[in-house]
Each structure stands twice: as C-alpha cells, then as structure tokens.
Protein chains: 2
Amino acid sequence: MSGSVLRTTYHAVTDAPEKLARAIAIEQTVEVPEALIDERIDKEIVGKVEGVSPLQGGRFALRIDYPASLVHNLPDLLSVAYGNVSMLEGVRLAELTLPPEVLGRFKGPNFGIAGLRDLLGVHGRPLLCTVLKPRGATDEHFARIAEEFALAGGDLVKEDNNLLDATSEAAERRIALCAGAVARANERTGRNCLYFANACVPMDRLERLVAATLRAGAAGILIPPLLMGLDVVRDLAARHRIAVMAHPSFTGTFFEDRRHGIDPGILLGTIFRLAGVDITIFVNHGGRFNYRKPECQSIAAALHAPLAKIKPAFPAPAGGMTLERVDEIAGEYGKDTVLVLGGALLGGRGGLAKATEACLARLRGRETERG
Amino acid sequence: MSGSVLRTTYHAVTDAPEKLARAIAIEQTVEVPEALIDERIDKEIVGKVEGVSPLQGGRFALRIDYPASLVHNLPDLLSVAYGNVSMLEGVRLAELTLPPEVLGRFKGPNFGIAGLRDLLGVHGRPLLCTVLKPRGATDEHFARIAEEFALAGGDLVKEDNNLLDATSEAAERRIALCAGAVARANERTGRNCLYFANACVPMDRLERLVAATLRAGAAGILIPPLLMGLDVVRDLAARHRIAVMAHPSFTGTFFEDRRHGIDPGILLGTIFRLAGVDITIFVNHGGRFNYRKPECQSIAAALHAPLAKIKPAFPAPAGGMTLERVDEIAGEYGKDTVLVLGGALLGGRGGLAKATEACLARLRGRETERG
C-alpha cells in the first residue's frame, strides 16, 4: 500500500485466520463480495492484510493496514478501525497505530496534564478529586461539600454522573451555587480548585449547559463519551475552551469479554484523547468493579504516551477507592494521576475536611519523596 | 415506592443475588456507601429491589424499580437503567418497562411503519432496500445503481455506512446526484422510492448534511446511533422531519457476551424507537455474523410492539442476506420488514434490475398469498 496507513491488530478466535483477516479488511472498507471488488478499489480502498500470527490459547493476531486517506475525522476512525467488527464474534481490536497524517486532524484536549497543572498551580504530585453526591441532596448541601473540600486544599470537584436534572434551570442553579462556593473558597486559600459540571444532558440542552458552566467560572464538564457520543465530546472541546473529564458510564461492554471489544488503552486512552478528554475516569482494579490491573495500567500508559502534538491526559482511577489505598494508587500510576474519592471522603472519619487534608498530606508526602 | 416506576430486570451471574440487587439499585441512583443514605433519599431516589429469583445456569433475575421521576430524557434513561451496570461483570439488562410518564417524554420516529408506507405507497408486503457500494466507486456509478434499482421498482436506497467523505462538499455532491437519479426514476415509474444519505459525519458537519439531504429530496438518513450518540439521533429526529434508518455499527459489544450487555430487543428495538428510529438494521442470523434467531426476533418484536403513542418501526435484517433467503426472511419477520440486499443484488445474475425485479416478485407473491 502506498501512502501512510492506519495500522491495526485484531486478536481473533478463529481456525481460518487468513480468511478472517481478508474478510475484516473488506468489511471495514467496501463491504461487498470479492467478485465485486475491482483491481483499483482493491489497491486503493480495501484494507491490506499485513500478516497473521498465532497467539496463546488458539487465538491469532491479524494485522491489517487501512489507507490513511479513508480516515478524515473521529466517526471515520471509529467506523473503519472497529465499526462492524463489533458484530464479529471473538474479535478484539488489540492495537491501533495512527499515522501523523491522521493524528494531525485532531486537536486533542484543550489543557492536558501540563495545562491543568498550570491552571491549578499544582505540580509534582497526584491530584485529588471529590464528587458531589448523593443525588437527592439539596444544592446547598452540595455547595457546602464543594466549599469544604476546596478550603481543605482539594484540587478538583466533580458533580456525580447521577446528578440528572429535569430542566436546564435546575442544573444551572446547582452549577452556579457550587462553582460559586468553590470560587469563594479559592479567594480564601489563594488556590484554584477546579469545578466540573455534569454534562450528561439531552443534546438540545448541551450548549446552554456548557455556557452556564463557563459563566459560573467552572473549568469544564464531566461527560460519558460512550453514552453521549464520542464526536459530541470532540466537537465541544474543539469549540469551547473547556476541560473535559470523561466518565466511563456505558463503556463496560467493550471490555467485559476479553476476547471481544476494544483494548481499554485504545478506547479510554488514545481515542478519548483524540476526543479532547483531559481526564479519563476508569474503574480501578480492587474497587466495586472487577477490572484487572494490566487493563487499568494500559489506560494510564495510553493517556501518558507521546501522540504527535496531542497533549497527554490524566488517568483517574475510581470506583470505590478508599483512603487506605491512596499510597498504593499513587505509587502505581505515578504523579500524573487524578485520585477520585467520593464516598471515601464524604464518609471519612472526622468529616470531609479532615479526610481531604489527610489524603492531601499523603500525596504531598510522595512529592517530597520524589523531589 | 409511590408514583410510577421504571421497571428493570437484570440477569446476573452471582452467588449473592440480594446483595448485588441492592448494590445496583444504589449504584444507578446515588452511588454512595449505605451509611451515607438517609431515610428520605432511600425512599425517594434509590432503586427498589422488588425481588430476586433463580434462573437456569446459576444466574438470577434481579428486579429493580427506579422512580420515574429520575428519568426526564434519553441520556437519563441510559444512565439510570444501564450506565454503570455496563462495568459490572456478568450482569445483563434483560427487561425494561417504561411507564406512560416516561414514554410521554419521547416523540419517537417521525414516520414509523405506517408513515413510511404512506410515503412509499406500498402496503401489505415487506420492503426492499439496496445499498450504494463499494466505497471508491464514482458518484456516477452510485447514481446509476440508485436509478436502476428505483426503475426496477425498488423501495429504499441507502448509502453504505462505509461511504465516509473528506468534506461536506463531497457528500453533498453524491447525495444530490443519487437522490436526483432516484427522483428522475420516480417520475418515470410513478412510484416514490426513498433515499437515505449516510450521516456518519463529524458533529460540525451533521446539520449541514441533514439540510443537504432534505434539499436533495431524500427521505432521511442512515446513522449508527451507538457510534454517533443515541441522543444525537433523537435530537435530529425531533428537529427535522426526516426518516431515520439506524445502522448497527458499534452495537456488537452489547450482545457478544450473552451474560452481559443489553438485550438486543431493548437496545435496538425499544431504545432505538425512543431515539426516533424508523428502520433498525441488524445483522440477521445465518449471514456474515453469528447472531442468533431468538435475538433477531426479539429486535423485531420490540420494534413492532405497542409503546404508548410511539410509532412502531421496521426491523431490517441484513449482513450478507441472499436472494435465496428472501422467502425465509419475509416469512420469519412478516410483512412489516425491510429486506436489505446489497451485494446480493449488485452481484445478482442478469444484473441489478433483474435481481431487483425477481426479489420484488417474490415479495409481491407473499402479499397475494396473505391477502
């Protein structure tokens, strides 16, 4: 294949790897029987099988290159690299390497790790994020949590993904009240704790919500890209100078069956960065969910890895993390990590402020250790 | 629980069904440890476990009711009924019953089965749809396919989901040319073959594409809701009088593992209808993909079933269907079905027109049989 290519590897359960590889190369590009593919289209459009090789457990690695000229944007990328493969039994997108020609079409996150650190004025240690919940509590209750956390030195406050409002007005009231409370705390501390508003809203309310979020002085939004649409997120991040925290709601089906779906590092790492995500929340191993350590680490690695001019982003292990695990998590993921502690801080001994301070002391302790 | 409820049943692999059911009821609503749930919030917000019962194979059915007051729109529904459950191993959303209070918040498809039949002027038999492909062919080639199919009496022409353009201009050129060719054919036949343009495009090009589609006289769009965003589709259908044909790209991860994900009838049937889908394409059993007959039938049943004032929609079995299977498919799904034949018609013996006519003769034959 002449010209640059989008390089993929699928891991597949199959007893006919060459045949399956050719079928995928056709499925993802022209989707017609072989007899209808002429020489020019085969050369210019159809994916090229670059090789198949056996893996452990009777699976095969199928390497397929697609012409970069087929991929102009995020929906194209999702469609060509995975789209219909999602309906093939026992096939997983395991590797994805994008050429500069394709990467150059993406802006990526507005802030990334360095940009968010500059906004916050916090360097050299993991960041601490808390969550406004439970749904059903009053806005004033949420504002008190936000203010207390910010006064105690916390870095990021996000609304819970379950804070789903009946109207734009209800969302805007909470955002103004809570982001306002954080701003007051920031005036007292001289710090710059950042607020993230939940943007899991209908499309006809989304622009208004983002505008209200920025007007309230909040840094950005919490949004579930797989529930709302990956390109919805990219488009928002391209048009507004907002920070984006991605929520993993609706992502689990890609990972449950390890012989199917998409490698978590590709989807929650590389693709989320292309969609403009600054912070990717994922369910950490050992919490309320059964994710595995290497999978979590592959997400963090993909968020941190060089990717043309696209800024690195923060991994944010979450999902039932406890104060006792702060050192372990910080040690595992390194300084460029956001620790999400919701229930653990809210229910912490001595109250939220004390639990926040204790947690931050541990994170600062690590900073000293590492210089 | 007072007031109306959203009724769910999850099928779960577990040895502690009561505990898991309560955990899900909390996870989907308030997401805090038990100790942080006060009496009012437990009563008004947290899901209610209505019962657990054993299933075959060591699984359990967990029945959970959520207050209808938590669900105001499609993102809310996706979030409450499934969202974080997607990250729980071995849990599948198996049943979903929406109360009138929630259903009343949705418009559903603009046309539905009766509306599309009226547009087409075709009643009493399954509809025939063909596909413009392969990617890489010229617009003029596609226009010839479209015209030939329409002249031969075909009902629906859709662009292939792989027709991904570099620019809006390229898409608009093809749509104008091909929808124009169909319009010319319609003038000659006195029929009204409908054209569907591929709307798998970046968000910043979507409005323009829909406008160009309607301007060209096309009936609507082909769009992959799980790739583009379910609420993106709902919002488009709410604002424009377009017919929506849903493509299953990116849906496969919900169904691959039968102990996880969402029942295909709920996602591709009920939820797609709420999102405004008039025709749901799915990969039929016995084609290029390994879907099972009861799963395909559950999709068709959910599309046809009464759902408050929301119009029924067409199931469209696809994915490597052949002319030989036309009678079988029409027999299985009944008259309110769209048969999608791409490669089979394009590569049909005697050419596209003859294959189209032969296929339509069979479908009309069934109409006579059934009166």
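Select I145(A) first: leaving aside residues up to four places away in sequence, I145(A) touches L132(A), K133(A), L346(A) and L352(A). The model on screen is a predicted one. Show the C-alpha atoms of I145(A) and L352(A); they are 7.6 Å apart, although 207 residues separate the two along the chain. I145(A) has a relative accessible area of 5% and is buried, because the cut-off for buried is under 20%.

On α6(A), select D139(A), E140(A), F142(A), A143(A), A146(A), E147(A), A150(A) and L151(A). The residues they meet on α7(A) are R173(A), R174(A), L177(A), C178(A), A181(A), V182(A), R184(A), A185(A), R188(A) and T189(A). Coloured by class, this contact of α6(A) with α7(A) shows 10 nonpolar, 1 polar and 7 charged residues.

Move to chain B and select helix α8, residues 203–215, together with helix α10, residues 230–239. Their axes come within 12 Å and cross at roughly 30°. That angle makes α8(B) roughly parallel to α10(B). The crossing of α8(B) past α10(B) is right-handed. From α8(B), M203(B), L206(B), E207(B) and V210(B) meet V232(B), L236(B) and R239(B) of α10(B). The contact of α8(B) with α10(B) comprises 5 nonpolar residues, 2 charged residues and no polar ones.

Stay in chain B and select helix α5, residues 112–120. Which of its residues are buried? They are G112(B), I113(B), G115(B), L116(B), R117(B) and L120(B). Step past the end of α5(B) to G121(B), which follows the helix and has a positive phi, near 75°.

Finish by displaying both chains and selecting the interface. There, 76 residues of chain B are in contact with 76 residues of chain A. The two chains bury about 6,400 Å² between them, with 58% of that area on carbon and sulfur atoms. Highlight M87(B), R135(B) and F250(B): this trio supplies 12% of the area that chain B buries against chain A, more than any other three residues.

Key
Residues numbered from 1 in each chain as written. Chains lettered and ligands numbered in written order. Predicted model: local features only at pLDDT ≥ 70, side-chain atom pairs only at ≥ 80, totals over all residues. Heavy atoms only, no water. Axes fitted to C-alpha atoms, helices over the stretch in contact; angles between N-to-C directions. Helix = DSSP H or I, 4+ residues; strand = E, 2+ residues; numbered from the N terminus. Parallel < 35°, antiparallel > 145°, perpendicular 65-115°, else oblique. Left-handed = near helix turned anticlockwise from the far one by under 90°. Contact = heavy atoms within 4.5 Å. Nonpolar A, V, L, I, M, F, W, Y, C, P; charged D, E, K, R; others polar. Buried < 20%, exposed > 50% of the residue type's maximum accessible area, 1.4 Å probe, protein only. Buried area = accessible area lost by both parts, 1.4 Å probe.
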